[in-house]
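Subject: Structure handover

Hello,

Please find the structure below. My notes on it follow.

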2 protein chains.
Amino acid sequence: MISTANSSMAVYSLIAGILALLFAGALAKYVYSKPRGNKRMQEISDYIHKGAIAFLNEEYKVISIFVVVVVIFLLIVSNYTDLPWETSLAFLLGAFFSAVAGNIGMRIATQANARAAEASKHGIRSGLIVAFSSGAVMGLSVVGLGIVGLSIFVLAYPDRASSILFGFGFGASSIALFARVGGGIYTKSADVGADLVGKVEENIPEDDPRNPAVIADNVGDNVGDVAGMGADLFESYVDSIISAMSLAAIVSYAYSEIYPLLIASLGIFASILAMIFVKGKNVYAAMRNGIFGSSIIFAILAFILTYYLVGKIEPFYAILVGLIDGVIIGLSTEYFTSDQRKPAKKIAEAAQTGAATNILAGMATGMLSTVIPILTTAVAMVMAYEFADFYGVALAAVGMLSTLGISLATDCYGPVADNAAGISEMAELGDEIRKRTESLDAVGNTTAAMGKGFAIGSAAITALALIFTFYEKAKGAVTLNISLTDPYIMAGLFIGGMLPFLFTALTLGAVGRAAEKMVEEVRRQFREYGILEGKGKPDYERCIKIATRGAIREMILPSLLAVVIPIVIGLWKIEALIGLLAGATVTGFLLAIYLANAGGAWDNAKKYIEAGNFGGKGSFAHKAAVVGDTVGDPCKDTSGPSLNILIKLMSIVSLVFLPLFIQFAS
Amino acid sequence: MISTANSSMAVYSLIAGILALLFAGALAKYVYSKPRGNKRMQEISDYIHKGAIAFLNEEYKVISIFVVVVVIFLLIVSNYTDLPWETSLAFLLGAFFSAVAGNIGMRIATQANARAAEASKHGIRSGLIVAFSSGAVMGLSVVGLGIVGLSIFVLAYPDRASSILFGFGFGASSIALFARVGGGIYTKSADVGADLVGKVEENIPEDDPRNPAVIADNVGDNVGDVAGMGADLFESYVDSIISAMSLAAIVSYAYSEIYPLLIASLGIFASILAMIFVKGKNVYAAMRNGIFGSSIIFAILAFILTYYLVGKIEPFYAILVGLIDGVIIGLSTEYFTSDQRKPAKKIAEAAQTGAATNILAGMATGMLSTVIPILTTAVAMVMAYEFADFYGVALAAVGMLSTLGISLATDCYGPVADNAAGISEMAELGDEIRKRTESLDAVGNTTAAMGKGFAIGSAAITALALIFTFYEKAKGAVTLNISLTDPYIMAGLFIGGMLPFLFTALTLGAVGRAAEKMVEEVRRQFREYGILEGKGKPDYERCIKIATRGAIREMILPSLLAVVIPIVIGLWKIEALIGLLAGATVTGFLLAIYLANAGGAWDNAKKYIEAGNFGGKGSFAHKAAVVGDTVGDPCKDTSGPSLNILIKLMSIVSLVFLPLFIQFAS
């Protein structure tokens, strides 16, 4: 319960959110003002844009059904239990805001790709500014919409915002689930389908416009890495703030309920300010300066706010711990996946003795790369707890995500640069431009990998904050024995630990099945239309439809599991559910890092060989590295990221339905 | 504390143990009485035998140093804490007995291979009997030595056997660690080295005597699958009984402390009796009948004993639950890995589109295969707990392992049959014999895969029993808060969960490094000796030395980690250690099943193609499947099995050093 005096301070966060949206609008206007290049470029960009929107529309149909069912279920539950009926309203709004954020991001990204390619004609710096601006539109929309949504509820329901808002988180999670799982399946089935027939069977280059799946592949980059990533982090962002607000009662600081919202507002200011650091010819340094700059500005602002408003400095320390944890995870990811570092080079070296040794080296690297993120997160959690109890852990999550405005911008920049490179190839803009867009793309790969690490880390600490929130809420209503050695807890741990393996098996299998259909279609078009002989034109739209349908169909089963399992277990035994959530978070975190980093390292090992090492393109080592890259693709772009959602979603579902479990238990 | 009247009943278990050893001796005599075949066969068999013994001797040198250091450390600790000094004596004996069991198994296996090949001349049945008899020597030696060792301590120290015996378990674990990790690295570095140069580069068949690494490869089968597997299950066997004995105080049944030993004795009788079922032409059915037969006989005997001795039937139910869990895990493993079932066939099908899709299909299958073992084990644990508290969980482990005498026999039969097939190839015994030994080998692959699943399942439930024992012992001495949501517990869970990933990264990397050295040596011999041109002879011994040295060097770091980490964490915070053990058990169990089953499925997918499907040997699909098989080999034979030891060893180390932690905490 937030006092009215405190809750009125949500006006400030509302203003910060609106400011972020206005700034995003200005940037979008800037991007739209840039020329889209020649007719061919516009044509390709239009294909990608339409394909992306078509996928979103299909996805929305499924999501609408899901949302309606959940709203009805929530209303029924709130009729019979203590669940406030406004939860369903919050759920609707959470889902809607997340969908809007994803939609904005997709639109701007698919509008910016040709413009970034065109701008590269004036130099790499111009290309960077257009691509980064479009990323910033997404980043600021996510934080803006997130904080506006939360502020509205705090202002409207000061007395019970912190319970109702679980519904908002649930709504955000639901969209994230479909965006991540569906988007992940889409992007990889298109990619694998395009590569297996194009690159491997027919020996035509990547992004060759004759390949019927090439547009679907480019659409996939946006669907997975923009919409999926944005929804994922939107969820982490709002969930971390919600859990901090609802754990505020544990500590007795002044303004502790409203503090997380204010801190997040400072993060928005810091992100916007730091965007001026993103310039210069060295693209990677520009990005890094932006992220580090925003972190430093944010830390200073947060210190001042904490010191003067709360009067105690501990919550600031908890936030700082989370912020540093996020940076370390990002750097560790960079080390294990960059083609400039030892691990990826070693994997490339192992490719000289064939695909098998390449695969084994990547697996070992991925597993080894779990050590630092796990250790730092464990230490961060304990430290944050020592500073401010469970509230501190939630604050650490808020701290890690505070500068999301800019870190998401560097993420979403990646697919735009990737598409820009693809368009310069397809529109035959010449070697010079191609090279510039490719160097933008190369940096995009690194920032995307770091972004993935960051997304996983933030998902894990957010999930932890949610589990602690669940425990605090539950123990207020029922007697709980959650001793670790209780066999029910242990059984929950085992089953929870298994879920990420099951989920990964399902999503990997889904990509395989969907890719198979794409392979058949591409083969058919080559055969029947005579595209390679120059007789006919590829039918891009059919491939887009196949990828869309495959993704939509395949996303349903894993998504339902993620929602239904915690409800079933919670109805059976609340203790087992806590065990289940903890087990899923531990192995979900581990598997997600393993899959993401192994995938990233295989990808860059291949790039390292393509740069001329160990025989270069076309060599024996290169062929082996292509196998590693193909294995890694669905690992890092489908299965790994889906686990982020799984662990957060199960926790937030548990929180939403806690009143039902309590009713059932008593 | 066991009353003197009860402890004297250990005489019965001592007799059962001696009986097992006598029966093993008789079988060994029978095997030795069989002819060893022609000169060439004897020569090859001698090479393998000497290579295996050479490895064991090298390994013993390292182990001796380790054992001496540990004994000194234990004596120092017992001087300053409540640790009984006899723990070091028990440690010595546990290590010694485990080493003897491994030694017996290796000797008989390497003596039986040529004899089994020779016997196959008289039909497949004769070959089966020789190979199975040698496996039974190992199986009965393991259970015999295990139970003799335990009974001696119970008779000698009735009042504190259950504490001292943790040392016995620790000794057994230490040998198992080196045998599994070192043996696992040996077998796969030799195998991968032999295959990469022989099969892939030079295109000569498997088991071609011109390949310098071929003998090392055959030695490896024994080192890994006989000595490693035997030591692994010796450890599970004694640990489960020890934990049941020390948890007996929880329940108030008559004879509860001595009951686990008596139950294990019945298992020995059942195993010996059931060995008469192992006959007939259908080798797989023969094995299965033996295992099922022994389970049924054992269940009947256990029921009778429980009913008349204890007077309560609950402990029997707990045992039954464990027995059934083991059978289900075995069947699930068989389903996911057999070349007669859908999963392996699907992986083979995926090989048609290349190595990458083959790898992805195997990964998905391996992950999916975790579901059934995790669910049944979770259910078994809860049920066993409901029947007889933590004591029941330990009894479930005892029940699962009760018929180890025969199940280990079917396991160790595998490498003997494998070697027999190798010898008939190398000694050119002709198509007929080769086919017979190959069909013996094919069944061996299935039983070995099932054995791996069984070993993992038993390791997990044994580790759980040990964790519960640790908790019960610790809470008697210090106040413990092991609430799952305690951040220290949670940090322990995270770090513990990460250890199996780290361990796997290290062992996979070790195989890679050791295999690289082997590849260089085999290439050098081919080049310098002109073996393939018929000019020179291969130098088998150099390859054996390289494999031995590589394995010994590479096993040290992971082994030390497994011992040192629990001690360090325990000295810091006992609660965090409990979290660590639980986390490691969960992800260790999951990863071990995933690695073992993915590896087994890739192997059999390749075999399925080799049987003529999807283009058969030499086809595109076959080449892709070979990649999968090579990736799977170290997964299933090195990293997966090593995890069994990791989780048990860390738990038993924690138990042994608990008095030190308590001293330190207070």
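This is a predicted model: local features need pLDDT of at least 70, side-chain atom pairs count only at pLDDT 80 or more; totals for chains, interfaces and linings use all residues.

**One residue to start from**

Leu165(A) sits in helix α6 of chain A, which runs over residues 161–201. Which residues does Leu165(A) touch, leaving aside its neighbours within four places in sequence? The contacts are Ala90(A), Leu150(A), Phe153(A) and Ile242(A). Val154(A) is 11 residues away from Leu165(A) along the chain, and their C-alpha atoms are separated by 8.7 Å.

**Chain A as a whole**

Chain A is built with 20 helices and 0 strands. Of its 666 residues, 69% count as buried. The C-alpha trace spans about 70 × 50 × 45 Å along the principal axes of chain A.

How does the radius of gyration fit a compact globule? For 666 residues, the globule value would be near 26 Å. Chain A has 24 Å, so the two agree.

I also looked at contacts in chain A between residues at least 6 apart in sequence. Of these, 86% join residues at least 24 apart.

**Helix α18**

In chain A, α18 covers residues 574–610, which is 37 residues. At 1.5 Å a residue, α18(A) should span 54 Å.

Is α18(A) largely enclosed or largely open? Of its 37 residues, 35 are buried, so the rest of the structure largely encloses α18(A). After α18(A) comes Gly612(A), with a positive phi near 115°.

Two residues other than glycine have a positive phi and deserve a look.

- Tyr255(B) has a phi near 60°. Its loop lies between α7 (214–247) and α8 (259–274) of chain B. Tyr255(B) has 21 other C-beta atoms within 10 Å, so it is buried.
- Phe614(B) has a phi near 50°. Its loop lies between α18 and α19 of chain B. Phe614(B) has 20 other C-beta atoms within 10 Å; 20 or more is the cut-off, so it is buried.

**The two chains together**

The same surface serves both copies, as 100% of the contact residues of chain B recur in chain A.

At the interface, 63 residues of chain B are in contact with 63 residues of chain A. Several helices of chain B each supply at least two residues to the side that touches chain A, among them α6 (161–201), α13 (371–401), α15 (431–475) and α18 (574–610). Which helix gives the largest share of that side? α16(B) does, with 18 residues. By type, the residues on the side of chain B that touches chain A divide into 48 nonpolar, 15 polar and no charged.

Best regards

Technical notes: Residues are numbered from 1 along each chain as its sequence is written. Chains are lettered from A and ligands numbered from 1 in the order in which they are written. Two residues are in contact if their C-beta atoms, placed from the backbone, lie within 7 Å. Helices (H or I, at least four residues) and strands (E, at least two) are DSSP runs, numbered from the N terminus. The expected span of a helix is 1.5 Å times one less than its number of residues. A residue is buried if 20 or more other C-beta atoms lie within 10 Å of its own, exposed if 12 or fewer, and partly exposed in between; C-beta atoms are placed from the backbone. The radius of gyration is taken over C-alpha atoms; the globule rule is 2.2 Å times the number of residues to the power 0.38. Ala, Val, Leu, Ile, Met, Phe, Trp, Tyr, Cys and Pro count as nonpolar, Asp, Glu, Lys and Arg as charged, and the others, Gly among them, as polar.
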